[in-house]
Amino acid sequence: MRTVTRQAVEWLAAAATDPRDCKRQWSGETGAAVLACGRFWDVLSVPEDLGLPALDALLSIPQAPGPTLADTVSRRVAFFLPPDPAGRWIGSGIRYAGKGAWIAVPAPHRAAGRLRWLVPPDGTGALFVPAAVELALQLALGRSAAQAAPRPRCPMCGAPAAGSRVPGAGRPG
């Protein structure tokens with residue numbers, strides 16, 4: 001096993017009650033282990049349609065990304081954040097897991113069933129900055145809302161109007 005992968009395995013397994021058992025679970029039938037949140041990280045889980053564009057935005061900044069996990073069945077993206085006992089995230093479909101919560105994760109170098117690392121842990125302990133994640137989610141939500149905004153329609157057939165413009169904008173009529 002490469003050094004970076006080994007460091008990532010050790011860092012992730014350290015969150016387990018029994019790190020050796022955690023590694024055995026990763027090698028077992030399910031390929032996933034259940035780890036505690038709140039000690040090394042908290043986890044913010046969001047719907048995929050917000051999480052993927054937010055991750056794209058986060059990967060474009062010059063800061064090292066934190067681990068990011070996708071659940072392909074529930075269509076959710078989970079961002080690993082620093083532990084915050086007072087952490088609260090509010091929004092439609094937002095789930096925040098802190099102290100007392102648990103999360104199923106595959107080994108850093110593999111996928112397990114429905115769970116896939118979009119950004120695997122690198123073993124350094126790098127986590128996302130909560131303010132950056134919040135900003136990226138707001139940006140993704142804004143883009144999603146703009147795409148969902150009703151477009152002007154042809155009054156004759158109801159099809160989206162080509163080259164339509166907002167009344168009162170642009171050249172005077």
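Okay, so phenylalanine 80 and tryptophan 117 are both buried, and buried here means under 20% relative accessible area, with exposed being over 50% and partly exposed in between, using a 1.4 Å probe and protein chains only. Before I go on, this is a predicted model, where local features need pLDDT of at least 70, side-chain atom pairs count only at pLDDT 80 or more, and totals for chains, interfaces and linings use all residues. Residues are numbered from 1 along each chain as its sequence is written, and side-chain values use heavy atoms, with hydrogens and water left out.

Back to the rings. Tryptophan 41 is buried too, along with phenylalanine 80. Which aromatic residues make up the cluster? Trp11, Phe40, Trp41, Phe80 and Trp117 form one cluster. There are six aromatic pairs in the structure; rings of Phe, Tyr and Trp (its six-membered ring) pair if their centres lie within 6.5 Å, and planes under 30 degrees apart count as stacked, over 60 as edge-to-face and the rest as tilted.

One of these pairs is tryptophan 41 with phenylalanine 80, tilted, at 5.3 Å centre to centre and 55° between the planes. Tryptophan 41 sits in the loop between β1 (32-36) and β2, while phenylalanine 80 is in strand β4, so this pair ties together parts 39 residues apart in sequence. Then phenylalanine 80 pairs with tryptophan 117, again tilted, with 5.6 Å between centres and 50° between planes. That one links strand β4 to tryptophan 117 in strand β7, 37 residues apart.

Now the overall layout. We've got four helices and seven strands; helices (H or I, at least four residues) and strands (E, at least two) are DSSP runs, numbered from the N terminus. Along the sequence the pattern goes α-α-β-β-α-β-β-β-β-β-α. Of the 173 residues in the protein, 35% are buried.

On to the sheet. Five strands make an open sheet in the order β5-β2-β4-β3-β7, paired antiparallel. Two strands pair if DSSP finds at least two bridges between them. From one strand to the next, the twist averages 25°. Strand β3 (residues 68-71) is joined to β7 by four bridges, running antiparallel, and aspartate 71 has leucine 115 in β7 as its bridge partner.

Lying across β2 (42-47), β3, β4 (76-81) and β7 is helix α3 (residues 48-59), which runs at about 45° to β4. Axes are lines fitted to C-alpha atoms, for helices over the stretch in contact, and angles run from 0 to 180 degrees between N-to-C directions. Contact means heavy atoms within 4.5 Å.

What about the other helix packing? Helix α1 (residues 3-13) and helix α2 (residues 19-27) pack at about 120°, axes 9 Å apart. They are therefore oblique to each other. In α1, Val9, Glu10, Leu12 and Ala13 meet Pro19, Cys22, Lys23 and Trp26 of α2.

Last stop, arginine 75, in the loop between β3 and β4. Buried or exposed, which is arginine 75? It's exposed, with a relative accessible area of 52%. Arginine 75 also has a positive phi of about 55°, although it is not a glycine. Most residues other than glycine have a negative phi.

Notes: Parallel < 35°, antiparallel > 145°, perpendicular 65-115°, else oblique.
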